[in-house]
Amino acid sequence: MEPGSRRDSMAAAWARVAALLLLGVAACVARPQGRILGGREAGAHLRPYMASIQIDGQHVCGGFLLNEWWVLSAAHCAEDISEQATVQVLLGAHSLSQPEPSKRLYAIRGLFPHPDRNPEEGHHDILLIQLAEKAILGPAVQPLQYQTVDRDIPGGTLCSVAGWGISSHTRQKPDLLQEVELPIMERAVCNQRIYHDNEITAQMICAESRKKDACKGDSGGPLVCNGVAEGIVKSGTRVCGNWKKPGIYTKIASYAGWIQSIVMSAC
């Protein structure tokens, strides 16, 4: 082969390689990425306690089933709702849009935010939702046990959170339930100046957020450790997945007495 022909052949080969690389990049960019940040699709109906809190038919927050009549979520999910809005709870869903035999929308009888909730301070971000009718339990609809012993979870404990929240990078909403595992961060560490600088109270839990995190739309969903709901995804202005701003969760055990009093008084 002549030197010029060899150079032309090599150039053509490199051009083909570059084209393949560009196609690969384009495919990655085009692939939907909307999900709990850094997570994966949850197994279908393997989290039968998950609830989608919906306003006028649109998912706004997560939550979880306490029993046949009650769902626990975050108080900020129910703030600024207009009187004309329709609030419903979707149970038994894996996909928000596709038909599933287990899926059912429930009207609500009442919303019970914590009485000490102050939106400006961000504390006591917990909400009880009473369904208008008893939830139909089955393999895809089951309550989740919540923690009643008020103690701190050891740092490094691996927990999980799930939801239909958006990715902070693509702003896309997933249709299928997503999940991610996160290690607990000790409160003393979380309160260091580099992180939340003494903003984390005894009624809150921190989890690390190094490219894995809950994000907008996941609020109200449970932080589950060893099969028990320990926390609720809180609101916040932090950027999802920023390691300097660990995820903050309302500590359920701190409100166990209040939960029980509301549930019993409404019977």
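**Aromatic pairs, nonpolar cores and a buried lysine**

Phe112 is partly exposed because its relative accessibility is 26%; buried means under 20% relative accessible area, exposed over 50% and partly exposed in between (1.4 Å probe, protein chains only). The model is predicted: local features need pLDDT of at least 70, side-chain atom pairs count only at pLDDT 80 or more, and totals for chains, interfaces and linings use all residues. Residues are numbered from 1 along each chain as its sequence is written, and side-chain values use heavy atoms, with hydrogens and water left out.

Two aromatic pairs were counted. Rings of Phe, Tyr and Trp (its six-membered ring) pair if their centres lie within 6.5 Å; planes under 30 degrees apart count as stacked, over 60 as edge-to-face and the rest as tilted. Trp70 and Phe112 form a tilted pair, because their planes stand at 55°, with ring centres 5.5 Å apart. This pair links distant parts of the chain: Trp70 lies in strand E4 and Phe112 in strand E6 (residues 104–113), 42 residues apart. Helices (H or I, at least four residues) and strands (E, at least two) are DSSP runs, numbered from the N terminus. Trp70 is buried, at 3% relative accessibility.

The pair of Tyr195 and Trp243 is edge-to-face, with 6.4 Å between centres and 80° between planes. Tyr195 sits in the loop between helix H2 (187–190) and strand E10 (204–207), and Trp243 in the loop between E12 and E13, 48 residues apart. Tyr195 is buried at 12% relative accessible area, whereas Trp243 is partly exposed at 35%.

The largest nonpolar core has 42 residues. Such a core is a set of buried Ala, Val, Leu, Ile, Met, Phe, Trp, Tyr and Cys residues joined through side-chain atoms within 4.5 Å. Phe64, Leu72, Leu91 and Ile259 have the most contacts inside it. Elements giving two or more residues include strand E3 (58–65), strand E5 (87–91) and helix H3 (256–265). H3 gives the most, with five residues. Beyond four places in sequence, Leu91 touches residues including Met50, Leu65, Tyr106, Leu131 and Val141; contact means heavy atoms within 4.5 Å. A second, separate core of 14 residues includes Val161, Val180, Ile205 and Ala214.

Lys251 belongs to strand E13 (residues 247–251). Lys251 is buried, at 6% relative accessibility. A polar atom of the Lys251 side chain lies 3.4 Å from the backbone oxygen of Arg151. Beyond four places in sequence, the contacts of Lys251 include Asp150, Asp152, Arg187, Ile205 and Glu230.

Key:
A polar contact is a pair of N or O atoms within 3.5 Å; within protein, one must be able to donate a hydrogen and the other to accept it, and residues adjacent in sequence count only if both atoms are side-chain atoms.
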